[in-house]
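Work through the exercises below with the sequence and the structure side by side. Try each task before reading its solution.

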Amino acid sequence: QLQLVESGGGLVQPGGSLRLSCTISGFNLDFYDIGWFRLAPGKEREGVSCINTNTGTKKYADSVKGRFTLSRDRAKNTAYLQMNDLAPEDTAIYYCAAVAVSSPKRIGVCLGYEYDYWGQGTQVTVSS
């Protein structure tokens, strides 16, 4: 059974950092693209960062470029989102998601509709 479990969210002050983890079971990272998305109250879901597992190419939303970094640990079958210099507008529920490289939905634009498998989300709150 494919499963993604996020962890690492919490309350942090502006300017602080968090590292989110996405622990994956039931499938191998080598055959799936991984994306991080977020959903804030009153806003549409936003693709924060995605990685093409074949090429290693990463995409970032303009709002997080230079502050967030997506990485993977194949040995642990885990993906991470390092978030630095956090701001109140980063407050949201963060989700990791996966799509198989063989999926016909996979077009590599880091949009939610491409992704088939989702975690339950982890809350990130940035506030003083």
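The exercises cover the nonpolar cores, the disulfides and the salt bridges.

This is a predicted model, in which local features need pLDDT of at least 70, side-chain atom pairs count only at pLDDT 80 or more, and totals for chains, interfaces and linings use all residues. Residues are numbered from 1 along each chain as its sequence is written, and side-chain values use heavy atoms, with hydrogens and water left out.

**Exercise 1. The nonpolar cores**

Step 1. Apply the rule. A nonpolar core is a set of buried Ala, Val, Leu, Ile, Met, Phe, Trp, Tyr and Cys residues joined through side-chain atoms within 4.5 Å. Buried means under 20% relative accessible area, exposed over 50%, and partly exposed in between, with a 1.4 Å probe and protein chains only.

Step 2. Collect the members. The largest core holds 29 residues, and Trp36, Phe68, Leu81, Met83 and Tyr94 have the most contacts inside it.

Step 3. Assign elements. Strands (E, at least two residues) and helices (H or I, at least four) are DSSP runs, numbered from the N terminus. The top contributor is β9, with five residues.

Step 4. Look for another core. A second, separate one has six residues, among them Phe37, Ala97, Cys110 and Tyr115.

Step 5. Zoom in on Leu81. Contact means heavy atoms within 4.5 Å. Beyond its neighbours within four places in sequence, Leu81 touches Leu18, Arg19, Leu20, Trp36, Val48, Ser49, Phe68, Thr69, Leu70 and Tyr94.

**Exercise 2. The disulfides**

How many disulfides does a search of the whole structure find, and what pattern do they follow?

Step 1. Search. A disulfide is a pair of cysteine sulfur atoms within 2.5 Å. The search finds two.

Step 2. Take Cys22 and Cys96. Their sulfur atoms are 2.0 Å apart. The angle about the S-S bond is 65°, and the link is right-handed. Cys22 sits in strand β3 and Cys96 in strand β9, 74 residues apart. Cys22 is buried at 0% relative accessible area, and Cys96 is buried at 0% as well.

Step 3. Take Cys50 and Cys110. Here the S to S distance is 2.0 Å. The torsion about the S-S bond is about 75°, so this disulfide is right-handed. Cys50 is in strand β5, whereas Cys110 is in the loop between β9 and β10 (117-118), 60 residues away. Both Cys50 and Cys110 are buried.

Step 4. Write the pattern. Counting bonded cysteines along the chain gives 1-3, 2-4.

**Exercise 3. The salt bridges**

Count the salt bridges, then say which residues join Asp90 in one network.

Step 1. Count. A salt bridge is a side-chain nitrogen of Lys or Arg within 4 Å of a carboxyl oxygen of Asp or Glu. The count is seven.

Step 2. Start from Asp90 and Arg38. Their closest N and O atoms are 2.9 Å apart. Asp90 is in the loop between β8 and β9 and Arg38 in strand β4, so the bridge ties together parts 52 residues apart in sequence. Both residues are buried.

Step 3. Arg67 pairs with Asp90 at 2.8 Å between the closest N and O atoms. Arg67 lies in the loop between β6 (58-60) and β7, 23 residues from Asp90. Arg67 is buried at 16% relative accessible area, and Asp90 at 1%.

Step 4. Join the pairs. Through shared partners, salt bridges link Arg38, Glu46, Arg67 and Asp90 into one network.

Step 5. Compare Lys65 and Asp62. They form a salt bridge at 3.1 Å between the closest N and O atoms. Both Lys65 and Asp62 are exposed.
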